[in-house]
Amino acid sequence: MALREIVKYGDDILRKKCRPVTAFDEKLWTLLDDMKETMEDAKGAGLAAPQVGILRRVCVINVHDEHGTIELVNPEIIATEGAQTGGEGCLSLPGEWHEVERPVRATVKAQDRNGKEFTITGEGLLARALCHETDHLDGVLFIDKMKKEEL
């Protein structure tokens, strides 16, 4: 495993739409392992592949709950419920913290590192992280979702 450099706001890659993963191989496994290590080192709750310069639909999340580290390959939000407003930050925008509205509950369909499909439902902080990281895969940043009065 290796630490990867986290891409900072202003880099065009953060605004690009990521391509699906089609090869579930050692290259993907290395990426997932490196992303986990990088996220932990930066003390983040999630990290998406474009944040380490890779335009693939991959992210890792750890909100320190019973799920531990969650690896999502080709994630897609398939259901949301309710709304919550809370502070949110991003490893690509260090020092930035803003109020963002997200669903209180989110269900994501994804694949694991071996290509096996699964679904996961998160509430509260996990729902927020699932939405935040999948947004990254479409070139959307949390600052795009800030309340108007904060702009």
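In this predicted model, the residues of helix α2 that are buried are Leu 126, Ala 127, Arg 128, Ala 129, Leu 130, Cys 131, His 132, Glu 133, Thr 134, Asp 135 and His 136. Because 11 of the 12 residues of α2 are buried, the helix is largely enclosed by the rest of the structure. Helix α2 itself covers residues 125-136, and the 17 Å between its first C-alpha and its last is close to the 16 Å expected at 1.5 Å a residue.

Helix α2 lies across β1, β2, β3, β6 and β7, and its direction makes an angle of about 125 degrees with β7. These five strands form an open sheet in the order β1-β2-β3-β6-β7, and their pairing is antiparallel. Since β1 (46-48) and β7 (117-123) stand at the edges and each has a single partner strand, one side of each is left without a neighbour in the sheet. From one strand to the next, the twist averages 35 degrees.

Within this sheet, strand β3 (residues 70-81) and strand β6 (residues 105-111) run antiparallel and are joined by six bridges. For Glu 81, the bridge partner in β6 is Arg 105. Helix α1 (residues 26-41) also packs on the sheet, where it touches β1, β2 (58-61) and β3, and the direction of α1 makes about 40 degrees with that of β2.

Beyond the helix with which this account began, the segment after α2 holds Asp 144. With Arg 15 the link is through side chains, which are joined by a polar contact of 2.5 Å. Glu 37, by contrast, lies 107 residues from Asp 144 along the chain, and the C-alpha atoms of the two are separated by 27 Å.

A further side-chain pair is found at strand β5 (residues 98-102), in which His 98 lies. His 98 has a relative accessibility of 15% and therefore counts as buried, and its side chain makes a polar contact of 2.6 Å with the side chain of Glu 96.

Conventions. Residues are numbered from 1 along each chain as its sequence is written. This is a predicted model: local features need pLDDT of at least 70, side-chain atom pairs count only at pLDDT 80 or more; totals for chains, interfaces and linings use all residues. Side-chain values use heavy atoms; hydrogens and water are left out. Helices (H or I, at least four residues) and strands (E, at least two) are DSSP runs, numbered from the N terminus. The expected span of a helix is 1.5 Å times one less than its number of residues. Buried means under 20% relative accessible area, exposed over 50%, partly exposed in between (1.4 Å probe, protein chains only). A polar contact is a pair of N or O atoms within 3.5 Å; within protein, one must be able to donate a hydrogen and the other to accept it, and residues adjacent in sequence count only if both atoms are side-chain atoms. Two strands pair if DSSP finds at least two bridges between them. Axes are lines fitted to C-alpha atoms, for helices over the stretch in contact, and angles run from 0 to 180 degrees between N-to-C directions. Contact means heavy atoms within 4.5 Å.
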